[in-house]
Amino acid sequence: LNERMYGALTGLSKKMIAQRHGEAQFRKWRRGFAERPPPASPFSSKYPGNDERYVKYVHDLPISLRQSFIRSLGHGKIELHHKLPRTESLKDCLQRTIPYYRDTILPQTVAQNRTVLISSSENAIRGLLMDLCDVPRDVISDIEIPTGVPLVYDLESRCLHLFDDGILPKPRDRYDFG
């Protein structure tokens, strides 16, 4: 699952964002539910519409007439460009990833009693956990998702487990989920 689009903040360090915009605004953008960072320019190298992987493989988004027109003029030929996000909040990310989880991952794997591995970033996982575990919006910003630590979700018991890597202290003692 793709990470959320941080817009004009993409590529900046957390420290730099906090210095430029203040710690409170940084926290709203990073952990808030509906707060979007400033959008990336469609001509920025950080905009996904300038990444060949998105141009080539994304076909399930509406066409952006404006981007298609501008890029067609720039390249001297007719080109259709999809409307890729220029920025996303956690809410936007959730609205994008949850339907994919329900419409694709569940029926093709879980419904067939197959185990599935979802590899993603902190925010996409946070949104998925909001849905799976019924985590309220006002609590989700306090939940810490450990980087690089496999999380095992049991659909039957609706329980999340940290993968025990054998290192002491135990994962539940090393990580604070909020």
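Biologist: How many residues are in the largest nonpolar core, and which have the most contacts inside it?
Modeller: This is a predicted model. Its largest nonpolar core has 15 residues. Met130 and Ile140 have the most contacts inside that core.

Biologist: Which elements give two or more residues to this core?
Modeller: Helices α5 and α6 do.

Biologist: And what does Met130 touch, not counting residues up to four places away in sequence?
Modeller: Phe33, Leu90, Leu94, Val135, Pro136, Arg137 and Ile140.

Biologist: What does the second, separate core include?
Modeller: That core has six residues. Leu9, Ile17, Phe26 and Trp29 are among them.

Biologist: Back to the helices. At what angle do α5 and α6 cross?
Modeller: Roughly 65°. The axes of α5 (residues 90-108) and α6 (residues 122-133) come within 9 Å. Angles of 65 to 115 degrees count as roughly perpendicular, so α5 and α6 are roughly perpendicular to each other.

Biologist: Is the crossing of α5 and α6 left-handed or right-handed?
Modeller: Right-handed.

Biologist: Which residues of α5 and α6 meet?
Modeller: From α5, the residues are Leu90, Cys93, Leu94, Thr97, Ile98, Tyr101 and Arg102. From α6, they are Asn123, Ala124, Arg126, Gly127, Leu128, Met130, Asp131 and Leu132. By class, the contact of α5 with α6 has nine nonpolar, three polar and three charged residues.

Biologist: New topic: Ser89. Where does Ser89 lie?
Modeller: In the loop between α4 (65-75) and α5.

Biologist: Is Ser89 buried or exposed?
Modeller: Buried. The relative accessible area of Ser89 is 2%, and under 20% counts as buried.

Biologist: Which residues is Ser89 in contact with, leaving aside neighbours within four places in sequence?
Modeller: Arg4, Phe33, Ala34, Glu35 and Arg36.

Biologist: Now the backbone. Which residues does a cis peptide bond join?
Modeller: Leu168 and Pro169, with omega about -5°. Pro169 is in the loop between β2 (159-162) and α8 (171-174).

Biologist: What is the phi of Asn113?
Modeller: Positive, about 60°, and Asn113 is not a glycine. Asn113 sits in the loop between α5 and α6. Asn113 counts as exposed, at 73% relative accessibility.

Biologist: And what about the phi of Arg158?
Modeller: Arg158 has a positive phi of about 50°, and is not a glycine. The loop between β1 (151-154) and β2 holds Arg158. Arg158 is partly exposed, with a relative accessible area of 43%.

Definitions and conventions
Residues are numbered from 1 along each chain as its sequence is written. This is a predicted model: local features need pLDDT of at least 70, side-chain atom pairs count only at pLDDT 80 or more; totals for chains, interfaces and linings use all residues. Side-chain values use heavy atoms; hydrogens and water are left out. Axes are lines fitted to C-alpha atoms, for helices over the stretch in contact, and angles run from 0 to 180 degrees between N-to-C directions. Helices (H or I, at least four residues) and strands (E, at least two) are DSSP runs, numbered from the N terminus. Angles under 35 degrees count as roughly parallel, over 145 as roughly antiparallel, 65 to 115 as roughly perpendicular and the rest as oblique. A crossing is left-handed if the near helix is turned anticlockwise from the far one by less than a right angle, and right-handed if clockwise. Contact means heavy atoms within 4.5 Å. Ala, Val, Leu, Ile, Met, Phe, Trp, Tyr, Cys and Pro count as nonpolar, Asp, Glu, Lys and Arg as charged, and the others, Gly among them, as polar. A nonpolar core is a set of buried Ala, Val, Leu, Ile, Met, Phe, Trp, Tyr and Cys residues joined through side-chain atoms within 4.5 Å. Buried means under 20% relative accessible area, exposed over 50%, partly exposed in between (1.4 Å probe, protein chains only).
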